[in-house]
Amino acid sequence: MSEDTWAGLADQFADGAYASAKGRVRTYVIHQQLLEHVPAPPASVLDVGGGAGHQSFPLAQAGYDVTLLDPSQAMLDKAEQRLQRLPDEVRRRVTLLRGDGENAHEAVRGRRFDAVLCHGVLGYLEHPEPMVDQLCRCAAAGGLISVMTGNAEAMAVRPALERRWDDALASFDARGEIGVLGLPTRADTVEELGELMRSRGVEPLRWYGVWLFVDWLDLSGAEVDPGDSQQIAAAAAVELEAGRRDPYRRLSRIFHLVGRKGPS
């Protein structure tokens with residue numbers, strides 16, 4: 001994605017999508033899934049395409065050393081604004097770095113990290129291979145790779161719930177759609193992404209579903225109040241459990257795949 005594209009979407013992305021009920025649930029669920037695998041703090045974390053830091057700043061608050069890499073200055077400005085609201089000791093653990101994820105290894109000057117995150121980025125790329133290659137290169141031996149992206153096996157769900165029946169029928173074998181930000185996106189399968197990791201020395205450990213019931217409610221027009229902390233917590237608990245189980249996780253709009261790099 002170009003910087004100009006994200007400059008026009010930064011407010012909608014950071015202050016809209018992530019502030020919604022779906023955004024809050026997604027952030028919580030992925031954070032809990034990450035905590036099952038990341039090494040103990042103060043391990044180093046690289047968040048590739050990390051946007052405004054919604055996923056990596058909670059890790060910094062938990063004691064991790066975080067580097068957020070993003071190509072858009074507008075998104076980094078949003079990240080800086082959010083960072084200023086955090087305590088001094090947390091801010092000292094965060095580095096904001098402008099750079100393209102498909103050149104991440106060069107952008108971080110060859111540094112290797114204990115965990116490398118790439119959430120919600122692959123779907124905006126025509127081909128996932130260059131980015132996956134960079135993620136794996138940036139991970140230290142024994143390091144964690146965490147990728148969240150669109151689920152190609154559930155492409156018909158959204159148009160069907162919107163009663164776009166012709167689109168739903170065509171989506172069973174589709175790989176693309178217009179995403180929540182109004183941009184074209186592409187989806188992957190767990191098996192394909194796992195094979196890409198494996199071919200680069202990273203063994204897939206586990207995968208999870210993300211966004212099932214809250215996504216269906218949203219698409220059906222039902223509202224979940226993002227300001228109702230009890231309702232958000234209850235929804236997140238259900239989503240967290242659904243993301244661990246079949247058949248629920250296979251019906252989720254997005255999936256979260258975690259792998260570990262072998263010894264160098």
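This is a predicted model: local features need pLDDT of at least 70, side-chain atom pairs count only at pLDDT 80 or more; totals for chains, interfaces and linings use all residues.
## Strands side by side

Strands S2 (residues 65–70) and S3 (residues 94–98) pair in the parallel sense over five bridges; strands here are DSSP runs of E with at least two residues, helices are runs of H or I with at least four, and both are numbered from the N terminus. Two strands count as paired if DSSP finds at least two bridges between them.

Residues are numbered from 1 along each chain as its sequence is written, and side-chain values use heavy atoms, with hydrogens and water left out.

S2 also has strand S1 (residues 44–48) as a partner: five bridges join them, and they run parallel. Here Leu 46 stands opposite Thr 67 of S2. S2 is mostly covered, with five of its six residues buried. Buried means under 20% relative accessible area, exposed means over 50%, and partly exposed is anything in between (1.4 Å probe, protein chains only).

The largest nonpolar core has 35 residues, and Val 25, Val 45, Phe 57, Leu 59, Tyr 64 and Val 66 touch the most other members. Helix H3 (residues 21–35) supplies the largest share of this core, five residues. A core in this sense is a set of buried Ala, Val, Leu, Ile, Met, Phe, Trp, Tyr and Cys residues joined through side-chain atoms within 4.5 Å.

Take Leu 59: leaving aside neighbours within four places in sequence, Leu 59 is in contact with His 31, Leu 34, Leu 35, Val 45, Tyr 64, Val 66 and Leu 117. Contact means heavy atoms within 4.5 Å. There's also a second, separate core of 27 residues, and Val 121, Leu 193, Trp 207 and Leu 257 are among them.

## Rings and charges

The model has three aromatic pairs, counting rings of Phe, Tyr and Trp (its six-membered ring) whose centres lie within 6.5 Å; planes under 30 degrees apart are stacked, over 60 edge-to-face, and the rest tilted. Phe 213 and Trp 216 make an edge-to-face pair, at 5.8 Å centre to centre with 85 degrees between the planes. These two are three residues apart in helix H12 (residues 213–220), so about one helical turn separates them. Phe 213 is partly exposed at 30% relative accessible area, and Trp 216 is partly exposed too, at 28%. Ring pairs link Phe 213, Trp 216 and Tyr 248 into a cluster.

Trp 211 lies in the loop between strand S8 (202–210) and H12, and is buried at 11% relative accessible area. Arg 163 has a positive phi as well, near 60 degrees, but this residue is exposed, at 67%. Its place is the loop between helix H9 (157–161) and helix H10 (165–171).

Two peptide bonds are worth a look. A cis bond joins Pro 41 and Pro 42, with omega about 15 degrees, and Pro 42 lies in the loop between H3 and S1. The bond from Asp 246 to Pro 247 is also cis, omega near 5 degrees; Pro 247 is in the loop between helix H13 (229–242) and strand S9 (254–261).
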